[in-house]
Amino acid sequence: MTPFSLLDLSPVPAGFTPADALANTVDLARHAETLGFTRYWLAEHHNMRGIASAATAVLIGQVAAHTKTIRVGAGGIMLPNHAPLMVAEAFGTLATMYPDRIDLGLGRAPGTDMLTARALRHAHDDGSGFPRDVAELIGYLGDPNEAAKVRAVPGEGTHVPVWILGSSLFGAQLAAALGLPYAFASHFAPAALEEALYVYRRDFRPSKQLDAPHAMMALNVFGAQSEAEAQLLRTSMQQAFINLRSGRPGPLPRPDADFAKGTDPRILAGVEQALACTACGTPEMVQEQLAQLIDTFRPDEVIITGQIHDHAARKASFAIAAQAMRALG
């Protein structure tokens, strides 16, 4: 069976608070564990009123504390925002508290706008130092080195699994060169997915962490008992994407069947293209669409997300996704 995991941005639905979003994340993580998801990943974003996972490592600790077996990690930490040593210490602490359960996905984007990047003290980081920072971070998490002048404590010896995240060939090439697992952000940027997976697998070099390439693709799922209900649930994410691209991000909108009225058709077409890796509909439709996507791209693992305004409906949608993945196995 293709392993399946869950990506949570800890969305703040319109009419609710960040406290509600964080409580929903913990509840959803427990739910995902009972459903058989392999991993529960949280993503770093800043200055976004609709996302509550900015302090990603802190939230990972809370999720790990309220679950028992599911792997918990970052999908991902935006490394240009942080010193590698501090990331190693944070995730080394998590791995020490929750052994063999912590993952560390790394991205080179800032996860925010340039004004906020300046507030994070990394406005001038163009990402060119990302490979060097990744190697430095992995070194801190590796075997203890008594001769090292700088050491991560906790951190050294934990060997926290490191993933490279990306939506372009850069991440694929880096993951292949370093012999690391690779996660592609096809849930919002699928254009280069096929080529990136090909390059990653072609150029992969075995490492201490990984003997063979392991590629994950991200998918959106909106499942419900009727196709109309599923399509309505999906409109929250479609609206959020339009708002983000229009420079006015905010809380996750309530579903609206008429949201497209008055919207530039070119914007709508762009949204549909960006969200092409999506399964939406009844349980049977979700299973069929997931099967088609998996058969087309042959990922080693999938990670499923879905921005749904109603928490109960979101839990039900992930249950439908898990049922579909088990049936495909």
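The 13 residues that line the second largest pocket comprise 6 nonpolar, 5 polar and 2 charged residues, where Ala, Val, Leu, Ile, Met, Phe, Trp, Tyr, Cys and Pro count as nonpolar, Asp, Glu, Lys and Arg as charged, and the others, Gly among them, as polar. This is a predicted model, in which local features need pLDDT of at least 70 and side-chain atom pairs count only at pLDDT 80 or more, while totals for chains, interfaces and linings use all residues. Residues are numbered from 1 along each chain as its sequence is written, and side-chain values use heavy atoms, with hydrogens and water left out.

**Pockets**

- A pocket here is an open set of points on a 1 Å grid over the protein atoms alone, where a 1.4 Å probe fits, with protein on both sides within 12 Å along at least five of seven lines, and its lining residues have an atom within 4 Å of a point.
- The second largest pocket has a volume of about 360 Å³, a volume being the space filled by probe spheres set on the points, which are joined across faces, edges and corners.
- Ile138, Gly142, His159, Lys208 and Gln209 are the lining residues nearest the centre of this second pocket, and helix 5 (residues 130-141) gives the most to its lining, with 3 residues.
- The largest pocket has a volume of about 1100 Å³ and is lined by 46 residues, with Leu9, His45, Ala185, His187 and Phe188 nearest its centre.
- Its lining divides into 25 nonpolar, 17 polar and 4 charged residues, and helix 8 contributes the largest share, 6 residues.

**Strand 9**

- Helices (H or I, at least four residues) and strands (E, at least two) are DSSP runs, numbered from the N terminus.
- Because 5 of the 5 residues of strand 9 (residues 301-305) are buried, this strand is largely enclosed by the rest of the structure; buried means under 20% relative accessible area (1.4 Å probe, protein chains only).
- Glu301, Ile303 and Thr305 point one way from strand 9, whereas Val302 and Ile304 point the other way.
- Strand 9 runs parallel to strand 1 (residues 4-8), joined by 3 bridges, with Ser5 opposite Ile303; strands pair if DSSP finds at least two bridges between them.
- Strand 7 (residues 215-223) also pairs with strand 9 in the parallel sense, over 5 bridges, and Met216 has Glu301 as its bridge partner.

Notes:
Buried means under 20% relative accessible area, exposed over 50%, partly exposed in between (1.4 Å probe, protein chains only).
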